[in-house]
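Here are my notes on the model you sent over. Have it open while you read.

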Amino acid sequence: DPRLRRVRLVGERRPPAVRLGQRLRIGSRGLGGRWAPPLPGDLTQAADLERLVAAACELFVSGGFAATSLDVIVERAGVTKGALYHHVADKRALYLAAYDAAHMRLAERIRELSIDGRGRPPFEVFVDACVAFLESVVTEPWVVRLTVAEGPVALGNVEWRTLDEGYAWDTIGVPLVKLQARGFVRADVDV
């Protein structure tokens, strides 16, 4: 499912939707299904990956995906190349992490700008969320540059479209289906 896609982490065998800082408890029978709290070393590794993703976002936006080397990203993040390859398999995987971070930032921004919907018709709340999305595109153009302009370069047009449609579905499609279920959008409209 492209909406659950996350960074392909080297050497990890956890489900793709698992967040950083979580780890599997390894028992005598191999990988268990229970989650354990992060260890101090896990937090350091998560901080390294956050710095790598932040540097990648900045550099992919300013110089473009094709012109940005992993050496420059590592230098900007202040980590070693070994730390980079500990977290991601390649530049494409790092782009996917940056893409995910940009979309998470966009979703946060929409939540921040959306007006609380309690006591208001759901359609008005949906319209407020759409307006919040447009405002965030204007106030944070780096998100659009990273996700729209650099996406086809990094992933190819077909894979980028599939990934972007997954995020768009989460942002717009799911709320529309909920509105349709509550009778605010006609049932004969294909959402």
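Predicted model: local features only at pLDDT ≥ 70, side-chain atom pairs only at ≥ 80, totals over all residues.

1. Numbering runs from 1 along each chain as its sequence is written, and side-chain values use heavy atoms, with hydrogens and water left out.

2. The core: the largest nonpolar core has 36 residues, and Phe60 and Leu146 are among those with the most contacts inside it. Such a core is a set of buried Ala, Val, Leu, Ile, Met, Phe, Trp, Tyr and Cys residues joined through side-chain atoms within 4.5 Å; buried means under 20% relative accessible area, exposed over 50%, partly exposed in between (1.4 Å probe, protein chains only). H4 gives the largest share, 10 residues.

3. Around Phe60: beyond its neighbours within four places in sequence, Phe60 contacts residues including Ile73, Tyr95, Arg145, Leu146 and Glu150. Contact here is heavy atoms within 4.5 Å.

4. Salt bridges: there are eight in the whole structure, each a side-chain nitrogen of Lys or Arg within 4 Å of a carboxyl oxygen of Asp or Glu. Arg145 and Glu150 form one at 2.9 Å, N to O. Glu150 is buried at 7%, while Arg145 is partly exposed at 32%.

5. Helices are DSSP runs (H or I, at least four residues), numbered from the N terminus.

Definitions and conventions: Helix = DSSP H or I, 4+ residues; strand = E, 2+ residues; numbered from the N terminus.
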